[in-house]
Amino acid sequence: MMAAIAAPAQCNSVHAIPSMFCERAVVAVQIFTIVFLLASLNACTTLTSMQASPPNAQHWQQHQQTMLSLTQWQLSGKVAMRNGNDGGQADVFWRQTDAKNYEIKLVAPFGAGSSVLTADATQVMLAFSNGDGMVADTVEEILAGMPDWQFPVSGLRFWVLGIASPSTAPAQMRWNEQGGLAMLEQDGWSIELQNYALTGDYLLPQKIIMRRLDQRDVNLKLLVRQWLLP
């Protein structure tokens with residue numbers, strides 16, 4: 001069951017990240033966004049040599065179990081989004097406190113606004129800086145009511161750790177020469193995992209590129225700047 005929380009509107013819409021860019025910043029954001037997206041999302045991506053199976057199957061199984069048990073972490077970075085002719089970017093701050101509890105904050109540039117997605121075992125709430133918001137039983141319900149807001153939270157919670165989501169079987173998977181997951185198709189998305197770096201005791205991707213399989217003009221790119229791990 002989904003409910004809306006309304007407040008006096010400050011922007012034309014709250015149904016997409018670009019809608020956080022109110023009139024005072026829209027021109028600057030559009031110029032910056034076009035340059036950023038053209039450089040990052042439309043550029044040809046050169047992938048390292050990929051393999052149809054992990055170099056060491058036993059090590060990969062152990063690695064998956066280790067990462068699945070990692071349910072408490074924080075990351076900060078930047079996300080760029082494009083949905084057709086609309087696009088935008090935001091700083092992202094993700095705090096995962098256990099398997100069902102998390103907070104994801106997106107902050108648009110130039111003080112144009114923010115949104116916070118908060119989940120616990122009973123509900124999910126999306127709140128915007130202008131006071132608008134939505135409450136639902138699941139994050140999927142919220143996203144279903146906002147077709148312009150393409151952000152695969154449930155899958156991305158695992159993709160950022162370099163593994164597939166355990167909820168559904170991936171259509172395909174590819175590994176790099178070092179044994180890290182390099183590409184997969186899952187839940188209607190094509191995901192590329194790049195720039196693996198040692199973070200504490202874990203080897204984690206620092207760049208995640210996501211494309212909708214049924215909507216090729218929907219793209220997301222997450223660049224991780226910093227991890228905080230237990």
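Colleague: How many residues lie between β5 and β6 in the hairpin that they form?

Modeller: This is a predicted model. In it, four residues lie between β5 and β6 in their hairpin.

Colleague: What makes β5 and β6 a pair of strands?

Modeller: Pairing requires at least two bridges. Five bridges join β5 to β6, so the two strands count as paired, and they run antiparallel. One of the residues involved is Ser 115, whose bridge partner in β6 is Phe 128.

Colleague: How do you know that β4 also pairs with β5?

Modeller: Six bridges link strand β4 (residues 102-107) to β5 in the antiparallel sense, and the cut-off is at least two bridges, so they pair. Lys 105, for example, has Val 116 in β5 as its bridge partner. The hairpin of β4 and β5 has six residues between the strands, and Phe 110 there takes a positive phi near 60°.

Colleague: Why is Thr 122 called exposed?

Modeller: Exposed means over 50% relative accessible area. Thr 122 has 57% relative accessibility, and therefore counts as exposed. The residue sits in the loop between β5 (114-119) and β6 (124-128). Its C-alpha atom is separated by 8.4 Å from that of Thr 138, which is 16 residues away along the chain.

Colleague: What makes β5 mostly covered?

Modeller: Buried means under 20% relative accessible area. Five of the six residues of β5 are buried, so the strand is described as mostly covered.

Conventions: Residues are numbered from 1 along each chain as its sequence is written. This is a predicted model: local features need pLDDT of at least 70, side-chain atom pairs count only at pLDDT 80 or more; totals for chains, interfaces and linings use all residues. Side-chain values use heavy atoms; hydrogens and water are left out. Buried means under 20% relative accessible area, exposed over 50%, partly exposed in between (1.4 Å probe, protein chains only).
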